[in-house]
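Reader: I have a model open and want to learn how to read its packing. Could you take me through it feature by feature?

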Amino acid sequence: MKILLQLFLSFALIGIGAYGGGLVAIPLIQHEIVFKQQWLSFGEMSQLLAVAQMTPGPIAINAATFVGFRFGGIIGSAVATLAVVLPSITILVLVAPLVDFASKNAHVRHLRQGLQIGVLSLILFATWSFGSGAVTGWRDLAMAAAAFAVLVAFEGKLHPVIVILASGFLGMIVL
Amino acid sequence: MKNNITSTEHEEKEQDGIKHNVPLFGIFWTFFRIGLFTFGGGLAMTTVMRHELVLKRRWIKEESFLAELSTATLVPGAIAVNMAYLQGRRLRGTAGAMAAIFGTILPSFVIILLIAWIALPYFAKPKVTAFLRGCAIAVVGQLAFAGLVFARKLLRSWRNAIVCIAGLIVVAVFKMHPVWAMIAAGGMGYLLCNQSAAEQNEKDQS
């Protein structure tokens, strides 16, 4: 019971702090799970992160399910996963109606234009930071460029997941 | 509070003329697919989400998608989950939001459970690593594609480009927390970008 409560509190904290996408959440998850709670060793954490990046879903949720399962079985994984999303849901329940209301204001709409450009900045940065980890040579770069070209050429006609899986099979052959 | 929500929803329905009355299971199923097909987490998922919600199902227009993405990025927590909440809520209120979040989380929950339980040793096999590495490389292309899609919409003037570069400098050069990039871009956009142009943009959207 005590471990369930600990899992809940730790991952709720990660849920509040995990802001701006998975890449930002990683140091926070590391701090909480490896240094503070010592649930995983540094090596286990790296393995978890590798698995989390290659499996679908947000990294914070993957980490919660994984650590929760190891220390509290199925119930532990459910508790930890719920704890990660609960803070965002609570905030959204409160904030979403306000956003609807504020969007009618011309100044807010004007501000929103800048915020959207901010998201674009973050996406460009994520391309760079995720790319510098995943792409390690010319062959990788060519594969990433090919994936990009196919996505542009068949926009709306081809499901992006097909490109990802095709690249995976190509990886089995050439990497 | 409840009344307030339904009234705004009602107005939105009148505004955008997009498909509504989506069944709850349809919401769950779409977000289940998004959750299943989202590698790389966070912003990489925008490509899959846009494909499913904007291009395929036509539940939302491109411009509203962008606006809601900025809200999802500003709120703490996983962007995919925040986005699921906002989209589900817009389509079917609180029940829709819960269906969307449940759908988004379920695939990763089940997959990680299976991995933690039985499949962890397989991740050391070279063929499996090569496959997963190949997937990760394509995610880079997917992120670049998301960048292109949004740049096409947003970088219509040199002022917007300056705001975008400023946001990039905040995270890439100063290595500050992404929230500062959002704040800097929001503030600079407000000061620099033409208000009437922004209004025009809004009009195009509705």
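**Reading the packing**

Author: Let's start with one residue: leaving aside neighbours within four places in sequence, Ala80(A) is in contact with Phe11(A), Ala64(A) and Gly68(A), where contact means heavy atoms within 4.5 Å. This is a predicted model, in which local features need pLDDT of at least 70, side-chain atom pairs count only at pLDDT 80 or more, and totals for chains, interfaces and linings use all residues. Side-chain values use heavy atoms, with hydrogens and water left out, residues are numbered from 1 along each chain as its sequence is written, and chains are lettered from A and ligands numbered from 1 in the order in which they are written.

Reader: Where does Ala80(A) lie, and is Ala80(A) buried or exposed?

Author: Ala80(A) lies in helix α4 (residues 59-102) of chain A; helices here are DSSP runs (H or I, at least four residues; strands are E, at least two), numbered from the N terminus. Ala80(A) has a relative accessible area of 0% and is buried. The cut-offs are under 20% relative accessible area for buried, over 50% for exposed, and partly exposed in between, with a 1.4 Å probe and protein chains only. The C-alpha atoms of Ala80(A) and Ala25(A) are separated by 15 Å, the two being 55 residues apart along the chain.

Reader: How do I describe two packed helices?

Author: Use the angle between their axes and the distance between the axes. Axes are lines fitted to C-alpha atoms, for helices over the stretch in contact, and angles run from 0 to 180 degrees between N-to-C directions. In chain A, the axes of helix α1 (residues 2-17) and α4(A) cross at roughly 35 degrees and come within 7 Å. That contact has 20 nonpolar, five polar and no charged residues. By class, Ala, Val, Leu, Ile, Met, Phe, Trp, Tyr, Cys and Pro are nonpolar, Asp, Glu, Lys and Arg charged, and the others, Gly among them, polar.

Reader: What about α5(A) and α8(B)?

Author: Helix α5 (residues 106-134) of chain A packs on helix α8 (residues 178-192) of chain B at about 135 degrees, with axes 7 Å apart. α5(A) and α8(B) are therefore oblique to each other: under 35 degrees counts as roughly parallel, over 145 as roughly antiparallel, 65 to 115 as roughly perpendicular and the rest as oblique. Among the residues that meet are His107(A), Leu111(A) and Gly118(A) from α5(A), and Pro178(B), Met182(B) and Tyr190(B) from α8(B). The contact has 10 nonpolar, seven polar and no charged residues.

Reader: Which non-glycine residues have a positive phi?

Author: Gln38(A) is one, with phi of about 55 degrees. Gln38(A) lies in the loop between α2 (22-36) and α3 (42-54) of chain A and is exposed at 63% relative accessible area. Lys175(B) is another, with phi near 55 degrees, in the loop between α7 (158-172) and α8 of chain B. Lys175(B) counts as exposed, at 64% relative accessibility.

Reader: How many helices does chain B have?

Author: Chain B has nine helices and zero strands, and buried residues make up 56% of its 206 residues. One of the helices, α2 (residues 24-36), has 13 residues and should span 18 Å at 1.5 Å a residue, which agrees with end C-alpha atoms 18 Å apart; the expected span is 1.5 Å times one less than the number of residues. The buried residues of α2(B), including Ile27(B), Phe31(B) and Arg33(B), pack against α3 (45-56) and α5 (79-119) of chain B.
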